[in-house]
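Please examine the sequence and the structure shown below before reading on. The report describes how parts of the chain are arranged.

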Amino acid sequence: MMQREIKILDKNVADKIAAGEVVDRPVSIVKELVENAIDSGADNITVEMRDGGKSYLRVTDNGCGIDSDYIETAFQRHATSKISTATDLDSILTLGFRGEALASICAVSRVEVITKTADSKIGRRVIAESSEIRNNDPTGCPEGTTITVKDLFFNVPARRKFLASDGAESRRIVDLVSRFALAYPDIRFKLINGSRVVFNTSGKGNILENIIQIYGSDLGRDLIQVSGDQGNSHIRGFVSNPGMSLSSRSRQIFCVNGRIVSSPLIERALEKAYKERLFSGRFPIAFLFIAVPPESIDVNIHPTKKEIRFHDNAEIEDFITETVKKALTHKEAVPEVRHKADRPAPELSPLPEGRPQTEMTVEENGYQEEYDVINLLSTIRDKVSVQEEAASEYIRSAPQAEDVSKPFDFNTLSVIGVLFDTYILATDEHDFYMLDQHAAHERVFYEKLLHQFHSAEKYSQQLMVPLNFTVPADTVSTEDQWIGDVRNMGYDIEFFGNHTYIVREIPAFMDMSEAENFLTDILNQFADRPDLTDPSRLDKIITRSCKSAVKGGDHLTSEEITALMDQLKQCNNPYSCPHGRPTFVRMTKYEIEKMFKRV
């Protein structure tokens, strides 16, 4: 094999290679510069772009500025004011810390930095290009820092070819700055695309106001406040009620200790919280802001810091799931029927000033169902400097709006009738409700069966005349894989010969037809895949086997309605059937009065 000479790379080449880890497109530059602006203590940040950021980006802040003695040092790799020793990595309280931003940006573009500190009489203007300082001159400027980046990848044309269209790159930047505006509602963010102001937040600390400013009032009306504390960990934010969902996770925004992150763990926790509340393939909207002790996470696992690692995955996942589940038990989480005329048509044309040009499908701009909830207002936190404040104070010190939401109470409902022998009608002091008797009974049936299956003590009723079931040969041959599970449901079943099984006892909560229909259906499913060692498989089988529940059109007596309501309110999740359909919907008195033009 031919031997090759080992040599040290030229600094210019090495810098370009290193820059590739941090800067792969314009949005990467915006992320680094905005994070540095936040770390500087700024409460006013303006982001400007042209041509998707390829030709021009500028980030202006009113933060602490860069001291003139260190301005050139800031352009060197691994130059940072945020950490000094390796132990500092165990408790990072800033967004930036690697010392890679300016050096990487400068390696692949033309950069101008204008900066001034509070105690300096005059600022500095530094021009750098391809990792080289070209000018460093005094200049008049306000306190803070303005960084302009031009001609991205002018010296690495091969990388420029991999950039998307101007519109696609612009959308990435709009989405990122939108997320920063939500994570830091006490900072005023202004985003300009060309000559057009995309949005301009107030910086008054009201996160819901920012959500509405960025994503529109329709989305804001369908959000439920989330709030939870567990030791030194805290969660604040908003999630959508189950009546509103999207076909993707595009509106799930997570922020941990002020850092916007992608997190499969948080996605999984959300999915568990909404289990059986949404149809398969649907995803809730979520804006979650989480604060944990800085030593409990590792933020140094990804070159662009977009991922983090929790030291105790199970604990934080359960905390998020239970906090969101609690929010979904409130009255505001009951899907609300709204007057359709009040909802504008989905907007497909270019968005007006004040709304971002983000990628949005008709479905994402609209709704899965015609549901809505009342507005909820909340503030997340007072402005804190992450350099000085512990992460546990990031949210805990914030003045919180009074949480007037309370868990939904079935005892406040008064049944007033039945519609079409399908929908139970009820009211409380302020609202009108329609309960789907089939969905409600499916939920009751499902939870009773699961409880029976997992309970050590089985409750069964003996039959005077046993039931006989004939099954295919393959079901008989795999009996050892399924018969124990059927017995755990409360059936006394045994082989009788000639492909036949005899049942002498059925679950105590089923009548004869329910027990017979359920067992017939579940035995048919065993023919497809009898192995029930996977709990999720068992859950799906039981979910599919709810055909014996009360149907729409079945007439119920007043006693049966009362019993169904009592059973539903005892369920762990009375709000949806096992398939994800709502068991009941709500309509406010105000909405009814609007329909009749009384308000």
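## Overview

The structure is a predicted model. Its secondary structure comes to 18 helices and 24 strands. The protein has 599 residues, and buried residues make up 52% of them.

Contacts can also be sorted by how far apart the two residues are in the sequence. Among contacts between residues at least 6 apart in sequence, 71% join residues at least 24 apart.

## Helix α5

Helix α5 covers residues 166-183 and has 18 residues. From its first C-alpha to its last, α5 reaches 26 Å, which is close to the 26 Å expected at 1.5 Å a residue. Helix α5 is mostly covered, since 13 of its 18 residues are buried. Two of the helices that pack against α5 are α2 and α6, and they are treated in turn below.

## Packing of α5 with α2

Two packed helices are described by the angle between their axes and the distance between the axes. For helix α2 (residues 26-39) and α5, the angle is about 20° and the axes are 9 Å apart. An angle under 35 degrees counts as roughly parallel, and α2 is therefore roughly parallel to α5. The crossing of these two helices, α2 and α5, is right-handed.

On the α2 side, the contact is made by Pro26, Val27, Val30, Lys31, Val34, Glu35 and Ile38. On the α5 side, Glu169, Arg172, Ile173, Leu176, Val177 and Phe180 take part. Sorted by class, the contact of α2 with α5 has nine nonpolar residues, four charged residues and no polar residues.

## Packing of α5 with α6

Helix α6 (residues 207-215) packs with α5 at an angle of about 160°, and the axes of the two helices are 9 Å apart. Angles over 145 degrees count as roughly antiparallel, so α5 is roughly antiparallel to α6. The crossing in which α5 passes α6 is right-handed.

Helix α5 contributes Asp175, Ser178, Ala181 and Leu182 to this contact, while α6 contributes Ile207, Asn210, Ile211, Ile214 and Tyr215. In the contact of α5 with α6, six residues are nonpolar, two are polar and one is charged.

One of the α6 residues in this contact, Ile214, can be considered on its own. Is Ile214 buried or exposed? Its relative accessible area is 1%, and because buried means under 20%, Ile214 is buried. The C-alpha atoms of Ile214 and Arg179 are separated by 9.5 Å, although the two residues are 35 residues apart along the chain.

## Packing of α12 with α17

How do the axes of helix α12 and helix α17 cross? The axes of α12 (residues 437-454) and α17 (residues 558-569) come within 9 Å and cross at roughly 55°. The two helices, α12 and α17, are therefore oblique to each other. Their crossing is left-handed.

The residues of α12 in this contact are Gln437, Ala440, His441, Arg443, Val444 and Lys448, and those of α17 are Leu564, Gln567 and Leu568. By class, the contact of α12 with α17 has four nonpolar, three polar and two charged residues.

## Residues in loops

Phe162 is in the loop between α4 (157-160) and α5. Its relative accessibility is 73%, and because exposed means over 50%, Phe162 counts as exposed. Phe162 and Arg25 are 137 residues apart in sequence, yet their C-alpha atoms are 8.8 Å apart in space.

Most residues other than glycine have a negative phi. Asp151 has a positive phi of about 55° although it is not a glycine. Asp151 is in the loop between β6 (144-150) and α4. With a relative accessibility of 29%, Asp151 counts as partly exposed.

Phe420 also has a positive phi of about 55° and is not a glycine. Phe420 is found in the loop between β18 (414-419) and β19 (423-427). At 64% relative accessibility, Phe420 counts as exposed.

Note on methods
Residues numbered from 1 in each chain as written. Predicted model: local features only at pLDDT ≥ 70, side-chain atom pairs only at ≥ 80, totals over all residues. Heavy atoms only, no water. Helix = DSSP H or I, 4+ residues; strand = E, 2+ residues; numbered from the N terminus. Expected span 1.5 Å × (residues − 1). Buried < 20%, exposed > 50% of the residue type's maximum accessible area, 1.4 Å probe, protein only. Axes fitted to C-alpha atoms, helices over the stretch in contact; angles between N-to-C directions. Parallel < 35°, antiparallel > 145°, perpendicular 65-115°, else oblique. Left-handed = near helix turned anticlockwise from the far one by under 90°. Contact = heavy atoms within 4.5 Å. Nonpolar A, V, L, I, M, F, W, Y, C, P; charged D, E, K, R; others polar.
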